[in-house]
Amino acid sequence: KALPNIVFQPRGSDFKAPHFVQYVQKILEDRYGIAAVEQGGLTVTTTLDLSLQEKAQNIVSEEIAKVEKQHITNGASVVVNPETGEILAMVGSKDFNAKDYDGQVNVTTSLRQPGSSFKPFTYVTGFKKGYTPATLLMDVPTTFPGGVGQPDYTPVNYDGKYRGPIQVRYALANSINVTAVKMLALAGIKDVLQTATDMGITTLPPTKETLSRVGLSLTLGGGEVKLLDMTTAYSAFVNKGFRVEPIAILKVTDVNGKVLEENKPQKGKQVLSEENAFLIDNILSDNNARKDVFGVNSNLNIPGKNVMVKTGTTNDKRDNWTMGGNSNAMVGVWVGNNDNSPMLNVASGVSGASPIWRRILLEAISGKPNVNFEKPENVVEVSVDAVSGFAAHDGFLARNELFAKGTEPGNDYVHVLLKICKSENKLASPGDVAGNNYDNKEYFIFKEENPPGVLAWLGGQGDARYHPPTEYCGTINPLSIDFVNPTDRSQQSNSFTIKVNPQSTSEVTQVELVVDNVSKGYFDLQHGNVFPITLSDGVHVLKAIAKDSGGHQVDKAITVGVNVPWDYASPTPTPGI
């Protein structure tokens, strides 16, 4: 539905969709001049759905009235068509005519901090770089170095809890702060700013000036944005990665009926791959994934509807957001106070912006068919270890996860079976393994770039699996070596390649080849532990002598025949001939 004719009235007048009307008026004044707008008799066809606009305005007003005792005095909302960017509703405040907090300020175009609603830009940038919904991050108290002239940064989680190992799906769905900062550090602040800008955030370009004032707190909402920008930027998540521009005007004609402009809203360039946009959708519509923090019956869950949604609250409780929708409608909501004073109490997913978001979204998608987030062809489902996120193995608890093709997980080095020697609770050496003196036991091996926090967390874990042994059983030489090719007592041609398999609890530093008590040089340990050689016909003794960084040495000898059997005996010459 369009608002076909707009008559501009003075501030304070009682007219419909006042913030939207003023938004359109400013656009027209910039294009045609103030005189043409005020006196030119322009007829303007807009994108506004007046019925939805009025419902959204009433919802904002009603819900803010319920929470004013919590010192939440204002709210704003934007609804856009995520396929085209058309603005369907724009509620700039709870009451345009309110005097107590300047209701004529249009908060949808004002600068506010987005809190955790900025996190999807961080994680989708990580996906661009090969991180996945199963990437393991450590949610432990962590201090990040501040860099030159900057203080160190120690983020805290919204609920004050730390969960240890957590995969990206659950870190994003539950809005864990520590892991979001870690993903930002991995993805890079400049690249995250570039992603946000590409998607439609106009206030945080990846310039030196921006980089000088934002740091790792960016992913927790440390940079100011506009609600209108956020709503259109989120649209790319539900429209296969295409950017849309906010559109308010469809057509303008002058007093003589001449068409001055006519806009046909359309998608812009693709700024996210379809796969990465889908993965963010899939995580943020996964009610089970977010239940640890939000529970299963929060305002974010709309039974029977596929809807992605993300909340955001600044640490000082000055801004509270809920953003989300599907391809039918994208809804952005903010609540707070125009004077930037903190709210007394707000709980994301329960109070604040989320009840408003839920009610407006239900109005916006009413009567429209349910949307399925269709899995792109290049997204595959893989069974992963429930703890580590690597490929499932050894019968450990597993779950299914989605990956863009090419980013599927490899072998697990976190959740492992270690060979433990039977005589003592230590790692079995290669010799112990060769002698079958070991048992397989389950352990977790966590490592990270910032080890103090991880080590401190591990120290508080009573489960023995979190404390794998690091020392080896000392009864047998921890260094061993075997011939892979050729095998003992085999027959070879004149030219062949010798391959050995050295193993040690320390780094193997060299393996020397001795043939018939004469040194022939050293094996190439960087490229397969191999040594090409040519030998004369006859029987030869091959010896490999290995050394490791721990000062250990071991050797292994085999006998081979070259163009003769290994036990061939040369004929004894007849005397006198």
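The model is predicted: local features need pLDDT of at least 70, side-chain atom pairs count only at pLDDT 80 or more, and totals for chains, interfaces and linings use all residues. Residues are numbered from 1 along each chain as its sequence is written, and side-chain values use heavy atoms, with hydrogens and water left out.

Five strands form an open sheet in the order β3-β2-β10-β9-β8, with antiparallel pairing. Strands are DSSP runs (E, at least two residues) and helices likewise (H or I, at least four), numbered from the N terminus. Two strands pair if DSSP finds at least two bridges between them. β3 (87–91) and β8 (308–313) are the edge strands, and each pairs on one side only. Within the sheet, β2 (residues 74–80) runs antiparallel to β10 (residues 329–336), and 7 bridges join them. Ser77 has Val333 of β10 as its bridge partner.

Aromatic pairs number 11. Rings of Phe, Tyr and Trp (its six-membered ring) pair if their centres lie within 6.5 Å; planes under 30 degrees apart count as stacked, over 60 as edge-to-face and the rest as tilted. Phe444 and Tyr466 form a tilted pair, 5.0 Å centre to centre with 35° between the planes. Phe444 lies in β14 (residues 438–444) and Tyr466 in the loop between α14 (451–459) and β15 (480–485), so the pair ties together parts 22 residues apart in sequence. Phe444 and Tyr466 are both buried, meaning under 20% relative accessible area, against over 50% for exposed and in between for partly exposed (1.4 Å probe, protein chains only). Phe523 and Phe531 pair edge-to-face, at 5.5 Å and 65°. Both are buried. Phe118, Phe121, Tyr234 and Phe237 form one aromatic cluster.
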